[in-house]
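Open the model in your viewer and keep the selection tool at hand. This tour goes from one group of aromatic rings to the next.

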Amino acid sequence: MTVQTERPPAGPTEVHLPPTKGKGKHSASRKPGALAPYLLLLPAVAATLIFLGWPLINNGILSFQNLNMRQLIQHLTEWNGIDNYKDVLSGSEFWRVTGRSILFTAANVVAIMIIGTLVGLLLARLGKKMRVTLLVALVLAWAMPVVAATTVYQWLFAQRFGVVNWVLAKIGFDSMSDYNWMGTQYSTFFVVLVLIVWQSIPFVALNLYAATTTIPKELYEAAALDGAGGWRSFTSVTLPFLRPFLYATTFLEIIWVFKAFVQVFTINGGGPDRLTEILPVYAYIEGIGNQHYGMGSAIAMLTILVMLVLTAYYLRIVLKQEEDE
């Protein structure tokens, strides 16, 4: 006995859904809410394009021109293509300054992150009164203008009547009583390093202290019940929570130190004998100081490119470590 069944038609079947009421009204009501974040970002984006984007475009245009004092006086526009970039990249001075800038940035960032992290962890362990006192001191150091702080350090490390030389002579280093801190490359870099580290520690310490306040205390209690000591508790509880803050803070410090023009130029003008020039100072001296404005613009554009390469390399390392974790 065979039973014949009817085969359903091939192809997609139509499904009839009940009509939804008011769909057009709901989609229309969502549009203003969806546009609200973009409208809030619009002033910041406009300000960035005006105050950063437009000068960057003008600087890029100048880098393709032969612009010296004669062209400025006569209002001439002489295009020379990529000759400025060829002259910069073919010379040894640019690469020497670039290597010096990278080493200078690395030394400062390492010192800043180590000391700033230790100060931030100290803030988390101090009592209320001592914590408030240290926080006030950090905020005052952070709020001090860069030029004013640089001038103070010039007084501290002055060859005659400098506080540092006076203190060193008092504690037994008589040869340092008249020492010229700005007379050699390494001593000048040491003064600049101390200045930049002193200015940057508050930012790192306050960020790390704020990060420690987000760590649940129950995790420390659980680690103590498991028999973890101070170091084990730090590596298993504190450090994993602080790692994103450390990555972000290090990224910001690399950018800030790499473009530290004011401190280096104000301390000694890139001297002695232009041995302490970093890329921003080198671009200023070649452009404004020597009145080779097109050349200075090309160096400035290359400086931005070097900074982008460094930050991209750092971000790649960070993202790779996060993927491995």
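The stops below cover aromatic pairs and one cluster.

This is a predicted model, where local features need pLDDT of at least 70, side-chain atom pairs count only at pLDDT 80 or more, and totals for chains, interfaces and linings use all residues. Residues are numbered from 1 along each chain as its sequence is written, and side-chain values use heavy atoms, with hydrogens and water left out.

**Start: the rings.** The structure holds 14 aromatic pairs. Rings of Phe, Tyr and Trp (its six-membered ring) pair if their centres lie within 6.5 Å; planes under 30 degrees apart count as stacked, over 60 as edge-to-face and the rest as tilted.

**Select F64 and Y85.** The ring centres are 5.5 Å apart, and the planes of F64 and Y85 meet at 45°, so this pair is tilted. F64 sits in the loop between α1 (23-62) and α2 (69-74), Y85 in helix α3 (residues 83-90), so the pair ties together parts 21 residues apart in sequence. Helices are DSSP runs (H or I, at least four residues), numbered from the N terminus.

Now check accessibility. Buried means under 20% relative accessible area, exposed over 50%, partly exposed in between (1.4 Å probe, protein chains only). F64 is partly exposed at 32%. Y85 is buried at 15%.

**Select F265 and Y284.** Their ring centres lie 5.1 Å apart with planes at 75°, so the pair is edge-to-face. F265 belongs to helix α11 (residues 261-268) and Y284 to helix α12 (residues 279-289), so parts 19 residues apart in sequence are tied together. F265 is partly exposed at 29%. Y284 is partly exposed at 33%.

**Last stop.** Which residues form one aromatic cluster? Select Y153, F157, Y179, W181, F190 and W198.

Conventions: Helices (H or I, at least four residues) and strands (E, at least two) are DSSP runs, numbered from the N terminus.
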